[in-house]
Amino acid sequence: MAEVKHLVVAKFKEGVVVEEILQGMTQLVSTMDMVKSFEWGTEMIGEEMLRQGFTHVFIMTFNNGEDLASYFNHPSHNDFIGTFQAALENALVFDFPAVVIKAPA
């Protein structure tokens, strides 16, 4: 079975200290063995019309759908998600099996 990706594209509320959210996410995933990898970044050059105010992207990789489900049901995730959602003005979320065309070197 293919790896599963959990992708979140976020637009934070004005005044939110994003660094605090990032610290919380880092602490969360560092203690959860089912998370294979965690990456995040900020939008660099997109036109406002195209990015619609979204500024951050978060990507987690899991070995399979069962690990993703385990992550969603984990008490630490449930504790953190309220803080994360309260900081959001809007978000897009996709969970999908990865189709690798060109693997990392």
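Contact means heavy atoms within 4.5 Å. Keep that rule at hand for the exercises below.

This is a predicted model, in which local features need pLDDT of at least 70, side-chain atom pairs count only at pLDDT 80 or more, and totals for chains, interfaces and linings use all residues. Residues are numbered from 1 along each chain as its sequence is written, and side-chain values use heavy atoms, with hydrogens and water left out.

**Exercise 1. Contacts along the chain**

Take contacts in the protein chain between residues at least 6 apart in sequence, and state what percentage join residues at least 24 apart.

Solution. Apply the contact rule to those pairs. The share that joins residues at least 24 apart is 79%. T61 sits in strand β3, residues 56-62. Strands are DSSP runs of E with at least two residues, helices are runs of H or I with at least four, and both are numbered from the N terminus. Set aside the neighbours of T61 within four places in sequence; T61 then touches E3, V4, K5, M34, V35, K36 and S37. Check M34: it lies 27 residues from T61 in sequence, and the C-alpha atoms are 8.9 Å apart.

**Exercise 2. Buried or exposed?**

Classify T61 and T26 by relative accessible area.

Solution. Start with the cut-offs: buried is under 20% relative accessible area, exposed is over 50%, and partly exposed is in between (1.4 Å probe, protein chains only). T61 has 2%, so T61 is buried. T26 has 42%, so T26 is partly exposed. T26 belongs to helix α1, residues 18-30. Across the protein chain, 32% of the 105 residues are buried.

**Exercise 3. Two helices**

Describe how α3 and α4 pack.

Solution. Locate the helices: α3 covers residues 65-73 and α4 covers residues 75-87. Their angle is about 60°, and their axes are 5 Å apart. Axes are lines fitted to C-alpha atoms, for helices over the stretch in contact, and angles run from 0 to 180 degrees between N-to-C directions. Under 35 degrees is roughly parallel, over 145 roughly antiparallel, 65 to 115 roughly perpendicular, and the rest oblique. Therefore α3 and α4 are oblique to each other. Next, name the partners: Y71, F72 and N73 of α3 meet P75, H77 and N78 of α4.

**Exercise 4. The whole fold**

Give the order of helices and strands in the protein chain.

Solution. Count: there are four helices and four strands. Then read along the sequence: β-α-β-α-β-α-α-β.
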